[in-house]
Amino acid sequence: MSAANFSKKFIFNENIDADYLYSLYEDDYQYIEEIFQTTLAHFNEDLNSIKTAYQTNNISDLKKAIHKIKPTFGFVGLPFVQNICNDFEDICQKATSSNDLTSEYQQIVVTLAESKELIASEYNKLKEFNSNIL
Amino acid sequence: MKWTCVIVEDLQVAADYLVKCCEKSALLQVKGHFTNVEEALDYLNKNSVDILFLDVEMPGATGFDLLDQLAYYPKVILTTSKSEYAYNAFEYNVTDFLKKPFTYQRFQEALNKLTAAPAGENNISSTATDHIFIKCDGKLVRLNNDDILFIESMGDYVKFVTADSKKYITHNTIKNLEEKVNRQTFIKVHRSYIININKIDDIRENDLFIKGNEIPVSKAHKPDVLKRLNII
């Protein structure tokens, strides 16, 4: 965002779309670190909203919760997870009960948990990278 | 001078990114960030802003609900992750539609549309200012919004009545002025009257009174008028 132009390039995990991240933030690694940090700070709350809505069979809230967390993944270079969330949101649109989407729900919860681990790992790497540059 | 804007967005990372984009543009001054419609409405009905960055799906009411309840019309840029809202965006005459996450370049394109948009009911220069200029007696006369009590139709002319009991007659129509005046301050109460909402002394049945002037309130407009009053 602020065109930091560090000469050293951070190597993102292969599951993260680095080109996509650079299109959003250029090579402002300090800001990318902030984005990852903010995402992690709110992740559990948003994930819990999804779990609670599913467990209480509240499809409307489940759809809202998945809709809210969806763009988060784009911001951290995981557009394919954003697409998975989008597909799940569409399934929720058609579902009338939690039972209609049990397998899809189980899959997406795993995907979200794995994504969180990846974001946390990248955040720690970015923090170290930025502290070495400073 | 910078445009003032408000961000209504429930996702923190998206709101932070928007703030960053606004700062980088150097064209915008962010006056506030709200995570739900109720808080945003409370702010927006007390403070006039030029631009609204508005998410659609949020806890409780939606962004479109906010637009339905807003007393005036700033320029609106929708920020959402669902392209299905594009049709609604068109219906609400929003300036642009940003799909999250968007690049800074795409954000700039949206800002360019703000400056390119033709004058309309949500034109920045006409609705967000604290004064107007009217052509009267061969000159342009400045009237501060706060000094205007009401505007009355006189056929092809309108009469501006001010707090110091002066009357300014100019060639215009209520219909045209309805789109030009600051909607946070003024409201149409009858096909022949626009009034300053802050100057009402009392309301009785289908009339309201401003400094001794009796002004009719039509049945069609009465609900909107009552909605704007701070009735406790």
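**Entry 1: a residue at the surface**

Is Ile169(B) buried, partly exposed or exposed? I looked this up in the predicted model. Ile169(B) turned out to be partly exposed, because its relative accessible area is 41%, and partly exposed covers the range between under 20% for buried and over 50% for exposed. I found Ile169(B) in strand β10 of chain B.

Ile169(B) forms a nonpolar patch on the surface together with Met154(B) and Tyr157(B). The three of them have about 270 Å² of accessible area together.

**Entry 2: the strands around that patch**

Which residue stands opposite Met154(B)? I traced the pairing and found Tyr157(B), which belongs to β9(B).

I then followed the strands themselves. Strand β8 (residues 148–154) of chain B pairs with β9(B) in the antiparallel sense, over six bridges. The two form a hairpin with two residues between them. In that turn, Gly155(B) has a positive phi of about 70°.

On I went to the next partner. β9(B) also pairs with strand β10 (residues 167–171) of chain B, again in the antiparallel sense, over five bridges. Here Val161(B) stands opposite Lys167(B) in β10(B). This hairpin has four residues between its strands, and Ser165(B) takes a positive phi near 65°.

Why is β9(B) described as largely enclosed? I checked its residues, 157–162: five of the six are buried, so the rest of the structure largely encloses this strand. A reminder to myself about strands: in a regular one, side chains alternate between the two faces of the sheet.

**Entry 3: another hairpin**

Strand β14 (residues 207–210) and strand β15 (residues 213–216) pair in the antiparallel sense over four bridges. Ile210(B) stands opposite Asn213(B) in β15(B). Two residues lie between these strands, and Lys211(B) takes a positive phi near 45°.

**Entry 4: a charged patch**

Which residues form the negative surface patch? I listed Glu38(B), Glu39(B), Asp65(B) and Asp68(B). I also asked where they come from: α2 (37–44) and α3 (63–69) of chain B each supply at least two residues of this patch.

Asp65(B) is partly exposed, with a relative accessible area of 30%.

Terms used:
Residues are numbered from 1 along each chain as its sequence is written. Chains are lettered from A and ligands numbered from 1 in the order in which they are written. This is a predicted model: local features need pLDDT of at least 70, side-chain atom pairs count only at pLDDT 80 or more; totals for chains, interfaces and linings use all residues. Side-chain values use heavy atoms; hydrogens and water are left out. Patches are made of residues with over 30% relative accessible area and no salt bridge: like charges are joined within 9 Å, nonpolar side chains (Val, Leu, Ile, Met, Phe, Trp, Tyr) within 5 Å. Accessible areas come from the Shrake-Rupley method with a 1.4 Å probe; for residues, only the protein chains shown count as cover. A salt bridge is a side-chain nitrogen of Lys or Arg within 4 Å of a carboxyl oxygen of Asp or Glu. Lys and Arg count as positive and Asp and Glu as negative; His and the chain ends are not counted. The place of a charge is taken as NZ of Lys, CZ of Arg, CG of Asp or CD of Glu. Buried means under 20% relative accessible area, exposed over 50%, partly exposed in between (1.4 Å probe, protein chains only). Two strands pair if DSSP finds at least two bridges between them.
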